[in-house]
Amino acid sequence: MTFRDSASGSGGSEGVRRRGRGRGGAAAAGGGGLAVVALVIYLLTGQDLGGLMGGGGGGGGAAPAEEETLGDCTGADANTDVDCRMVLTWGSLHDVWAVTLPEQADLEHRNPEFILFQDSVGTGCGNATSAVGPFYCPPDESAYIDTGFFDQLETQLGAENAPLAQMYILAHEYGHHVQNETGVMATANRTDTGPQSDGVRLELQADCYAGIWVNHASTVPQEETGEPMLVEPTTEEIQDALDAASAVGDDRIQSGAGQEVNPETWTHGSSEQRMHWFTVGYEGGTMQDCDTFAVGQI
Ligand SMILES: [Zn+2]
């Protein structure tokens with residue numbers, strides 16, 4: 001998906017930030033690729049990606065984290081530079097949901113925060129490493145992404161590291177924030193696993209909400225410019241997003257890791273389910289279309 005030259009911004013009032021490990025270096029916590037996470041976080045994938053990500057030993061520890069705000073970007077920057085693509089995509093997600101949530105759910109929208117990190121990060125949900133992949137933490141209403149994940153998407157998970165593939169991942173995490181706002185996150189039973197479980201329904205709804213964003217991103221105007229930030233996606237770009245959704249399906253990750261495909265353990269849904277619900281959101285564009293809890297078989 002291509003940004004218009006007129007698009008600009010910093011990703012919201014707080015901006016998009018990159019959080020470092022802190023001047024004192026990472027205090028050794030845990031070790032290995034496993035995340036130390038105190039509270040429930042909402043992930044892009046259901047698998048520990050430790051083997052994929054490599055490194056990442058230790059949590060953020062006690063050292064105060066340094067933070068830098070990425071700053072303003074133009075549409076031209078966002079079409080070529082990953083950091084700027086993150087910044088303006090986040091801004092577009094704000095624009096779309098600031099309109100969609102009040103219109104379709106009669107709720108006021110709060111912009112979530114967005115933190116980029118490397119290897120490990122301290123969050124309102126505890127310390128996490130890159131091994132968990134992109135995630136959303138409800139207590140601090142923030143999404144966290146190690147952009148190194150985008151390379152892994154290509155080299156390990158078999159999807160192309162294309163712009164709309166990256167944007168789909170952000171839009172999925174933003175979808176979890178919307179679920180936090182609607183309250184569905186609090187009522188779903190997340191201890192359940194399996195292809196029809198509440199947990200999978202939550203994840204597929206986040207995929208569907210990502211599709212809603214793609215549907216509206218080329219029509220909802222940016223307040224500052226009066227023009228949408230993005231032009232309509234091409235068929236090829238939509239395919240890039242679908243390929244990414246497929247790559248993070250539980251069946252695909254299980255078989256890719258040489259494991260037996262076991263639907264009873266699924267937490268995020270199969271490749272087919274994930275592509276289906278992204279498409280439902282993209283084609284329908286409404287939150288009602290994305291009510292994964294209202295259908296018998298998802
Ligand atoms: Zn998720």
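Helix axes are lines fitted to C-alpha atoms, for helices over the stretch in contact, and the angle between two of them is taken between their N-to-C directions and runs from 0 to 180 degrees. The legends below describe a predicted model.

**View 1. Helix H4 crossing helix H5 in the predicted model.** Helix H4, which covers residues 148-155, and helix H5, which covers residues 163-182, have axes that come within 11 Å and cross at roughly 120°. This angle makes H4 oblique to H5, and the crossing in which H4 passes H5 is right-handed. On the H4 side the contact is made by Phe-149, Phe-150 and Leu-153, while H5 contributes Ala-165, Gln-166, Ile-169 and Leu-170. When the residues of this contact of H4 with H5 are divided by class, six are nonpolar, one is polar and none is charged.

**View 2. Helix H5 packed with helix H8.** Helix H5 also packs with helix H8, which is made of residues 235-247, at an angle of about 55° and with the two axes 7 Å apart. That angle makes H5 oblique to H8, and the crossing of H5 and H8 is right-handed. Leu-164, Ala-165 and Tyr-168 form the H5 side of the contact, and they meet Glu-237, Ile-238, Asp-240, Ala-241, Ala-244 and Ala-245 of H8. In the contact of H5 with H8 there are seven nonpolar and two charged residues, with no polar ones.

View 3. The zinc ion is coordinated at 2.0 Å by Leu-43 through O, by His-172 and His-176 through NE2, and by Glu-203 through OE. The four donor atoms subtend angles of 96 to 133° around the zinc ion, and the arrangement is therefore tetrahedral. Along the chain, the donors of the zinc ion follow the spacing L-x128-H-x3-H-x26-E. Because Leu-43 lies in strand E3 (residues 42-43) and His-176 in helix H5, this pair ties together parts that are 133 residues apart in sequence.

**View 4. Helix H7 crossing helix H10.** The axes of helix H7, residues 198-217, and helix H10, residues 271-284, come within 6 Å and cross at roughly 40°, and H7 and H10 are therefore oblique to each other. H7 passes H10 in a right-handed crossing. Among the residues that make the contact are Val-200, Leu-204, Asp-207 and Cys-208 of H7, together with Arg-274, Trp-277, Phe-278 and Tyr-282 of H10. Counted by class, the contact of H7 with H10 has ten nonpolar, five polar and three charged residues.

Key. Residues are numbered from 1 along each chain as its sequence is written. This is a predicted model: local features need pLDDT of at least 70, side-chain atom pairs count only at pLDDT 80 or more; totals for chains, interfaces and linings use all residues. Side-chain values use heavy atoms; hydrogens and water are left out. Helices (H or I, at least four residues) and strands (E, at least two) are DSSP runs, numbered from the N terminus. Angles under 35 degrees count as roughly parallel, over 145 as roughly antiparallel, 65 to 115 as roughly perpendicular and the rest as oblique. A crossing is left-handed if the near helix is turned anticlockwise from the far one by less than a right angle, and right-handed if clockwise. Contact means heavy atoms within 4.5 Å. Ala, Val, Leu, Ile, Met, Phe, Trp, Tyr, Cys and Pro count as nonpolar, Asp, Glu, Lys and Arg as charged, and the others, Gly among them, as polar. Donors are N, O and S atoms within 2.8 Å of the metal (3.2 Å for Na, K and Ca); water is not among the atoms, so sites may look incomplete. Four donors count as tetrahedral if all angles lie between 85 and 135 degrees; four count as square planar and six as octahedral if opposite donors are over 155 degrees apart and all others between 65 and 115; anything else is irregular.
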